[in-house]
Amino acid sequence: MKDDTEELIKETAKRMFFGEGRFHATTQEIADEAKVNRTLINYYFRSRNNLISIIYEEATRVSNEKSRAIFDRNRDIKEMIGEFIEDSIATSIKYPYLETYIVTEMNKNNTMCSKLMIDDLDVVVNVFYERLEEEMEKGTIKKMEPLQFLLNMISLVNYPFTIRPLLQLDLKLSDEDFKRILSDRKEIILNTLFNN
């Protein structure tokens, strides 16, 4: 029962913060949405800030694990990046405000960023850069600085979500239209990033 209630509160807070963009939701609002007594939030998490810190750390860990998945040296790079794109799009559909929240928290508190970073991420990124350079030599990818490739990939995935309200308003896109467009994104991004 304890674990179920604790998970319910965390999932409710994640949905409110990352899914709906309600970053300033109060403890009472979280409790009302979860249909639990507000004192349970204090019982399980001690405070709203501690609850936010826990779900932030979980979200950052998930984001880092997702990023690490594309650095496997033994797999086909296009297939790996395709899976990364699919996972990123699925996460962004479920939690459209997650990236905004993470960046906002990093801007407010730089120590959260360093505390949550994976210790060997630099090594992993360097291995990925080496892999990109190998693929560039083969002609699979257009030659450029590996960082530029990474920026292109991340931008092509995240930008539509970042400006979603503007896109939908300016281009008169319904939620269904937006989801339909996203269903084509993986192949479009892969065709943009790779030569074949």
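Reader: What is the relative accessible area of Arg 15?
Author: Arg 15 falls in the partly exposed class, which lies between buried (under 20% relative accessible area) and exposed (over 50%), using a 1.4 Å probe and protein chains only. The model is predicted: local features need pLDDT of at least 70, side-chain atom pairs count only at pLDDT 80 or more, and totals for chains, interfaces and linings use all residues. Residues are numbered from 1 along each chain as its sequence is written, and side-chain values use heavy atoms, leaving out hydrogens and water. For Arg 15 the relative accessible area is 31%.

Reader: Which residue forms a salt bridge with Arg 15?
Author: A salt bridge needs a side-chain nitrogen of Lys or Arg within 4 Å of a carboxyl oxygen of Asp or Glu. The closest N and O atoms of the pair are 2.9 Å apart. The partner is partly exposed, at 33%, and is Glu 20.

Reader: How many residues apart are Lys 10 and Glu 7?
Author: Their side chains meet in a salt bridge at 3.0 Å, N to O. Lys 10 is buried at 9%, whereas Glu 7 is partly exposed at 37%. Both lie in helix α1 (residues 2-19), so about one helical turn separates them; helices are DSSP runs of H or I, at least four residues, numbered from the N terminus. The number of residues apart is 3.

Reader: What is the N to O distance between Glu 58 and Lys 14?
Author: Glu 58 is buried at 18%, and Lys 14 is buried at 14%. Both belong to a salt-bridge network that also includes Glu 7, Lys 10 and Glu 11. The side chains of Glu 58 and Lys 14 meet at 3.5 Å.

Conventions: Helices (H or I, at least four residues) and strands (E, at least two) are DSSP runs, numbered from the N terminus.
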